[in-house]
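Here is a short briefing on one protein chain. Look over the sequence and the model before reading on.

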Amino acid sequence: MSSAVANHWAWLLVLSFLFGCNVLRILLLSFSSFMSRVLQADELSMVNMMEEFVSYAMLERKISKMTDNLKAHVKAQTTQLAKIKWMTSVTFYVLQVALMISLIWKYYSVPVAVVRRKWITPPDHPVAFPTRIAGGVGITCGILVCNKIVAIVLHPFS
């Protein structure tokens with residue numbers, strides 16, 4: 001593959017990486033909320049209160065104690081999941097920033113795409129930054145557009 005073709009497809013790498021990071025972050029949030037829901041068997045409804053009052057009372061106390069333990073466990077688990085979510089988000093953001101900086105550093109003089117200059121006039125110079133090619137779309141503008149596309153596409157899922 002020639003370097004010119006690789007340079008023109010750099011935006012695809014950025015878009016796919018941004019999309020992947022955001023999808024993983026959303027999936028992590030969905031998975032953690034699914035795991036926090038605990039399915040319990042309804043043992044209390046199986047015991048008739050009038051006929052077996054002692055068993056019913058003992059079972060009710062047992063359920064009350066287990067519910068208190070579950071609340072404490074859920075609180076601890078929620079705190080731990082919040083820390084994990086935060087660390088995961090920070091890690092993904094750091095990876096995104098590192099990839100963006102490396103792509104800008106490597107492809108700063110090569111446009112992501114070249115279009116007719118009249119399509120992007122009057123802001124053609126900021127769009128072409130840092131390539132200085134008339135009608136070119138620079139890597140920085142390409143990354144901003146990719147970020148916005150990913151945010152719009154993934155908004156319904158977050």
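The points below go from the whole chain to single residues.

This is a predicted model, in which local features need pLDDT of at least 70 and side-chain atom pairs count only at pLDDT 80 or more, while totals for chains, interfaces and linings use all residues. Residues are numbered from 1 along each chain as its sequence is written, and side-chain values use heavy atoms, with hydrogens and water left out.

**Whole chain**

- The protein chain has five helices and two strands. Helices (H or I, at least four residues) and strands (E, at least two) are DSSP runs, numbered from the N terminus.
- Read from the N terminus, the order of elements is α-α-α-β-α-β-α.
- The chain has 158 residues, and 27% of them are buried. Buried means under 20% relative accessible area, exposed means over 50%, and partly exposed lies in between (1.4 Å probe, protein chains only).
- The accessible surface is about 11,800 Å², and carbon and sulfur atoms account for 69% of it. Such areas come from the Shrake-Rupley method with a 1.4 Å probe; for residues, only the protein chains shown count as cover.
- Take the contacts (heavy atoms within 4.5 Å) between residues at least 6 apart in sequence: 64% of them join residues at least 24 apart.

**Annotated regions**

- An unreviewed UniProt entry marks residues 6–28, 90–108 and 133–154 as "transmembrane region". UniProt positions are given in the numbering used here, feature names are shortened, and annotations may be inferred rather than shown by experiment.
- Residues 90–108 are 89% helix and 0% strand, with end C-alpha atoms 26 Å apart.
- Residues 133–154 are 73% helix and 9% strand, with end C-alpha atoms 32 Å apart.

- Helix 5 covers residues 139–154, 16 residues in total. Its first and last C-alpha atoms are 22 Å apart, close to the expected 22 Å. The expected span is 1.5 Å times one less than the number of residues.
- Its buried residues include I139, C146 and L154.
- I149 also lies in helix 5. I149 counts as partly exposed because its relative accessible area is 40%.
- F19, V145, I149 and V153 make a nonpolar surface patch of about 310 Å². Helix 5 gives the largest share, three residues.

**R132**

- R132 sits in the loop between helix 4 (124–128) and strand 2 (136–137).
- R132 counts as exposed because its relative accessibility is 78%.
- S109 is 23 residues from R132 in sequence, and their C-alpha atoms are 7.7 Å apart.

Methods
Patch = residues over 30% accessible without salt bridge, like charges linked within 9 Å, V, L, I, M, F, W, Y side chains within 5 Å. Salt bridge = Lys/Arg side-chain N within 4 Å of Asp/Glu carboxyl O.
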